[in-house]
Protein chains: 2
Amino acid sequence: MTYCVGLYLKEGLVLLSDTRTNAGVDNISIFSKMQVEEVPGERVLAMLSAGNLAVTQAVWNRLQEGVRLNGARHTLRTVPNMFRAAQLIGQAVRDQFEADGAALKAQDVRFDISLMLGGQIAGEAPRLFLIYAAGNFIEATTDTPFLQIGEHKYGKPILDRAVTFDTPIEDGVKLVLISMDSTLRSNLTVGMPVDLLVYRTDGFAVTLKKRLTEEDPYVRLIREGWSAALRQAYLEMPRPDWVP
Amino acid sequence: MTYCVGLYLKEGLVLLSDTRTNAGVDNISIFSKMQVEEVPGERVLAMLSAGNLAVTQAVWNRLQEGVRLNGARHTLRTVPNMFRAAQLIGQAVRDQFEADGAALKAQDVRFDISLMLGGQIAGEAPRLFLIYAAGNFIEATTDTPFLQIGEHKYGKPILDRAVTFDTPIEDGVKLVLISMDSTLRSNLTVGMPVDLLVYRTDGFAVTLKKRLTEEDPYVRLIREGWSAALRQAYLEMPRPDWVP
């Protein structure tokens, strides 16, 4: 499995993905699930992927080659805006389904992917999308300023409670790492290292892209600090004095 | 859906279940998912259930009527020990599958249940089991002193971090309520009120069985206190000073 999370904040976007892929529990590898296209001064787009690795890699290759949308061939470097970028990815997913869907079905393999697209193209504000296996998609809004794909449940409670559109970027980085830590701790199919991308609004260049390993001092601080903080928080809550 | 959690502690057992059942999102009802058999001075057994309500109710009815196991008819009031009690429930599940499995399959309804059994029968220590739809089961141990059924992912991180076999009962009550709160907050198909059962080792009587509503002062304290504690904990973690 996979866990990817994206925050849609006033100050910009924070994207985090794990790198574990597994075919069964005895065939585990490291693959980046974060792909970036950057045209400095003009656009930054990042795609995060969950699900069947052969499918997600094929979709990314199609996007590199160019995908036909509304009669014209486009890549993420040529689409005019983020909505078209999300449509283009959706079309690449549909093209891949047309190519592989029947063969996968014959082997009882599900065409099971989900993708996240975040970025900004000059002329509009940053946007964050979640693209489904059917090629349709939803977009994060100020009401729900985060999206998740893959093993999303373990890391959702902290996001539900703490993320708002006004959360500063640095707190956003903290929160996605806490959310990832909760997932890593409880589910073996999500694994370190993780890829972090920070994009500040109107920067039109990647602000930070960093691979964080288990040994990274800040990752350790989050891991140990958050565990300690949770234990402390629960110990400090009053005990039920009504239990006989 | 459902969320039920059981702690297997040195001091005894703590069991908590929600009460929401839903057929789609527009047909929501309250049903207790906790059934108790008590023979004061001799045994206490509690069964928690998740999954298809028609199936879990039928299983409970079979158990009331008596289930044939190894040539003799038993109920949870007559089995000689907890292992046999888990076997008996497993048998009731299999009998129900034999009765309903084909008809459910014809309607594309999955025979989808899981059950938890906790309790103590004089002559041995308290035990806690998780029984699958196939009628087989696992048992909690001192290494992993909790079990969950239903929507278990949201509420697992806090249990992974805080529950040990030596956790006191009162802290156990706190922890299952925090775990439930994380689930309620993030998943609409799990709902209040909740049923709490506390059993102290060698008590051979239910120590406490209580339905807790949203208005219960301790539930409110957990809900508001835990949200505030989480937010506080994350704010107190150092910010990443390496984000440009």
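**Interface and local geometry of the two-chain model**

A salt bridge links B:D181 to A:R161, with the closest N and O atoms 2.6 Å apart. In this predicted model, the count of salt bridges between chain B and chain A is 6. Polar contacts between the two chains were also counted, giving 26 residue pairs in which both partners have pLDDT 80 or more.

Several secondary-structure elements build the side of chain B that touches chain A. At least two residues each are supplied by α3 (156–162), α4 (169–186), β13 (194–200), β14 (208–212) and α5 (217–236) of chain B. Of the elements of chain B, α5(B) gives the most to this side, with 12 residues. Sorted by class, the side of chain B that touches chain A comprises 28 nonpolar, 14 charged and 7 polar residues.

The extent of the interface was then considered. In total, 49 residues of chain B are in contact with 49 residues of chain A. About 4700 Å² is buried between chain B and chain A, and 64% of this area is on carbon and sulfur atoms. Three residues, B:R161, B:Y234 and B:W242, supply 19% of the area that chain B buries against chain A, which is more than any other three residues.

The arrangement of the two copies was examined by superposition. Chain B is superposed on chain A by a rotation of 180° with 0.0 Å of shift along the axis, at an RMSD of 0.0 Å. This is the relation of a two-fold axis. The same surface serves both copies, as 100% of the contact residues of chain B recur in chain A. The residue of chain B that comes closest to the rotation axis is B:Y154, whose C-alpha lies at 2.3 Å.

B:Q120 counts as buried because its relative accessible area is 1%, under the 20% limit. The side chain of B:Q120 makes a polar contact of 2.8 Å with that of B:D202. Beyond residues up to four places away in sequence, B:Q120 touches B:D202 and its neighbours B:T201 and B:G203, as well as B:Y199 and B:F204. Further residues touched by B:Q120 include B:E42, B:R43, B:V44, B:M82, B:A125 and B:P126.

Backbone geometry was considered last. Most residues other than glycine have a negative phi, and most peptide bonds are trans. In chain A, the peptide bond between A:M192 and A:P193 is cis, with omega about -5°; A:P193 lies in the loop between α4 (169–186) and β13 (194–200). In chain B, a cis peptide bond likewise joins B:M192 to B:P193, with omega near -5°, and B:P193 is located in the loop between α4 and β13 of that chain.

Positive phi values were found at two aspartates. A:D202, which is not a glycine, has phi near 65° and is found in the loop between β13 and β14 (208–212) of chain A. A:D202 is classed as exposed because its relative accessible area is 52%, over the 50% limit. B:D108 has a positive phi of about 60° and is placed in the loop between α2 (82–106) and β9 of chain B. B:D108 is likewise exposed, with a relative accessible area of 75%.

Conventions:
Residues are numbered from 1 along each chain as its sequence is written. Chains are lettered from A and ligands numbered from 1 in the order in which they are written. This is a predicted model: local features need pLDDT of at least 70, side-chain atom pairs count only at pLDDT 80 or more; totals for chains, interfaces and linings use all residues. Side-chain values use heavy atoms; hydrogens and water are left out. Copies are superposed by least squares on the C-alpha atoms of residues with pLDDT of at least 70 in both. Contact means heavy atoms within 4.5 Å. Buried area is the accessible area (1.4 Å probe) that two parts lose on being put together, summed over both. A salt bridge is a side-chain nitrogen of Lys or Arg within 4 Å of a carboxyl oxygen of Asp or Glu. A polar contact is a pair of N or O atoms within 3.5 Å; within protein, one must be able to donate a hydrogen and the other to accept it, and residues adjacent in sequence count only if both atoms are side-chain atoms. Helices (H or I, at least four residues) and strands (E, at least two) are DSSP runs, numbered from the N terminus. Ala, Val, Leu, Ile, Met, Phe, Trp, Tyr, Cys and Pro count as nonpolar, Asp, Glu, Lys and Arg as charged, and the others, Gly among them, as polar. Buried means under 20% relative accessible area, exposed over 50%, partly exposed in between (1.4 Å probe, protein chains only).
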